[in-house]
Amino acid sequence: IFLKLPQGCTGKHGKKTVLKLQRSLYGLKQAAACWFDKLRDGLLDLGWKQPLSNLEPCLFVKDNVICLIYVDDCLFFGADEAKIRSMIQDIENAGFTLTIEEDVYAFLGVEVKFNKENGTVT
């Protein structure tokens with residue numbers, strides 16, 4: 001992304017100059033892709049794997065915990081809640097801010113139902 005200099009600012013030696021944006025701005029078309037690249041790199045640095053990266057780049061797995069990502073929503077699931085919480089803490093310690101919602105009722109328009117009696121999710 002290139003920007004014009006604000007009015008009243010001049011470039012070197014009075015030449016016309018543009019600014020190259022080196023970060024993504026919220027709301028730009030590229031913002032979601034830039035965010036995903038940053039999050040993916042952070043997860044890979046923490047030891048998460050992308051077992052189906054050529055088919056599903058938004059799926060990450062580590063120690064029997066699965067993370068699904070869609071834009072800025074992450075869904076973590078696995079059998080060991082303490083392990084999930086520990087991994088989320090590791091991600092936060094790596095500089096990412098997460099808002100935790102305990103129960104998931106829908107993800108990407110898919111309704112999620114928990115049966116705590118028999119330990120199933122449908």
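A salt bridge is defined here as a side-chain nitrogen of Lys or Arg within 4 Å of a carboxyl oxygen of Asp or Glu. The model is predicted, so local features require pLDDT of at least 70 and side-chain atom pairs pLDDT 80 or more, while totals for chains, interfaces and linings use all residues. Residues are numbered from 1 along each chain as its sequence is written, and side-chain values use heavy atoms, with hydrogens and water left out.

By the salt-bridge criterion, the count is 4. E111 pairs with K113, their closest N and O atoms lying 3.8 Å apart. Salt bridges with shared partners also join D37, R40 and D41 into one network; within this network, the closest N and O atoms of R40 and D41 are 3.3 Å apart. A further salt bridge, at 2.9 Å from N to O, links E81 and R85. Both residues belong to helix α2 (residues 81–93), where they are 4 residues apart, about one turn of the helix; helices are DSSP runs of H or I with at least four residues, and strands are runs of E with at least two, numbered from the N terminus.

K62, located in strand β3 (residues 59–62), is buried without a salt bridge, and the nearest side chain of opposite charge, D90, is 4.7 Å away. Buried denotes under 20% relative accessible area, exposed over 50%, and partly exposed in between (1.4 Å probe, protein chains only). A polar atom of the K62 side chain lies 2.6 Å from the backbone oxygen of L46.

How values were computed. Lys, Arg positive; Asp, Glu negative; His and termini not counted. Polar contact = N/O pair within 3.5 Å; in protein donor to acceptor, adjacent residues only side chain to side chain.
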